[in-house]
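Subject: Structure handover

Hello,

The sequence and structure are pasted below for your files. My notes on what turned up follow.

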Amino acid sequence: MNYQLKIEALCSAVQDSSVLVQRSMLDFLLVAFPLHNRQLTHADMARVVLATITVLLRRDMSLNRYMEAASYLDDVC
């Protein structure tokens, strides 16, 4: 499978119109691709982070609270 297609699929899934899909993808990204890991290239990580930030800037408070709680859990672990 094409590597760039996988990155595009991640970005598209994060920007889905369903909040449940967005929440699941944000959770998946936190678990599978942590920022301190080097699984993705810098450019690909920038694309994924940009897609994620775009979603969080829509001011959906449930997603923002979810990401805040997840970041606290990441700091503890």
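Q15 sits in the loop between helix 1 and helix 2, where helices (H or I, at least four residues) are DSSP runs numbered from the N terminus. With 37% relative accessibility, Q15 counts as partly exposed; the classes are buried under 20% relative accessible area, exposed over 50% and partly exposed in between, with a 1.4 Å probe and protein chains only. Not counting residues up to four places away in sequence, Q15 touches Q22, A51, T54, V55 and R58, contact being heavy atoms within 4.5 Å. Between the C-alpha atoms of Q15 and M25, which are 10 residues apart along the chain, the separation is 9.2 Å.

Before the rest, the conventions. This is a predicted model, in which local features need pLDDT of at least 70 and side-chain atom pairs count only at pLDDT 80 or more, while totals for chains, interfaces and linings use all residues. Residues are numbered from 1 along each chain as its sequence is written, and side-chain values use heavy atoms, with hydrogens and water left out.

Overall layout

The protein chain has 4 helices and 0 strands (strands would be DSSP runs of E, at least two residues), and it reads α-α-α-α along the sequence. Of its 77 residues, 26% are buried. Among contacts with a separation of 6 or more, 58% are between residues 24 or more positions apart. The accessible surface is about 5500 Å², and carbon and sulfur atoms account for 63% of that; areas come from the Shrake-Rupley method with a 1.4 Å probe, and for residues only the protein chains shown count as cover.

Core

The largest nonpolar core has 13 residues. A core here is a set of buried Ala, Val, Leu, Ile, Met, Phe, Trp, Tyr and Cys residues joined through side-chain atoms within 4.5 Å. I7, L10, V14, L29, L40 and V48 have the most contacts inside this core, and the elements that give two or more residues to it are helix 1 (3-14), helix 2 (19-32) and helix 3. In soluble globular proteins, nonpolar side chains tend to be buried together. Beyond its neighbours within four places in sequence, I7 is in contact with L40, D44, R47 and V48.

Charged residues

How many salt bridges are there? The count comes to 1, a salt bridge being a side-chain nitrogen of Lys or Arg within 4 Å of a carboxyl oxygen of Asp or Glu. The pair is E8 and R47, whose closest N and O atoms are 2.5 Å apart. E8 lies in helix 1 and R47 in helix 3, so the bridge ties together parts that are 39 residues apart in sequence. Both partners are partly exposed: E8 has a relative accessible area of 38%, and R47 is at 30%.

D44 is also in helix 3 (residues 42-56). D44 is buried but has no salt bridge, and R47, the nearest side chain of opposite charge, is 4.3 Å away. For charge, Lys and Arg count as positive and Asp and Glu as negative, whereas His and the chain ends are not counted. Leaving out residues up to four places away in sequence, D44 touches Y3, Q4 and I7.

Surface patch

V49, I53 and L57 form a nonpolar surface patch with about 270 Å² of accessible area together. Such a patch takes residues with over 30% relative accessible area and no salt bridge, and joins nonpolar side chains (Val, Leu, Ile, Met, Phe, Trp, Tyr) within 5 Å. L57 is in the loop between helix 3 and helix 4 (61-76) and counts as exposed, at 65% relative accessibility.

Two further positions

A13 is in helix 1. Its contacts, leaving aside neighbours within four places in sequence, are V21, Q22 and M25. A13 and R23 are 10 residues apart in sequence and 9.9 Å apart in space, C-alpha to C-alpha.

P34 lies in the loop between helix 2 and helix 3 and counts as buried, at 14% relative accessibility. The C-alpha atoms of P34 and M45 are separated by 9.8 Å, with the two residues 11 apart along the chain.

Regards

Technical notes. Patch = residues over 30% accessible without salt bridge, like charges linked within 9 Å, V, L, I, M, F, W, Y side chains within 5 Å.
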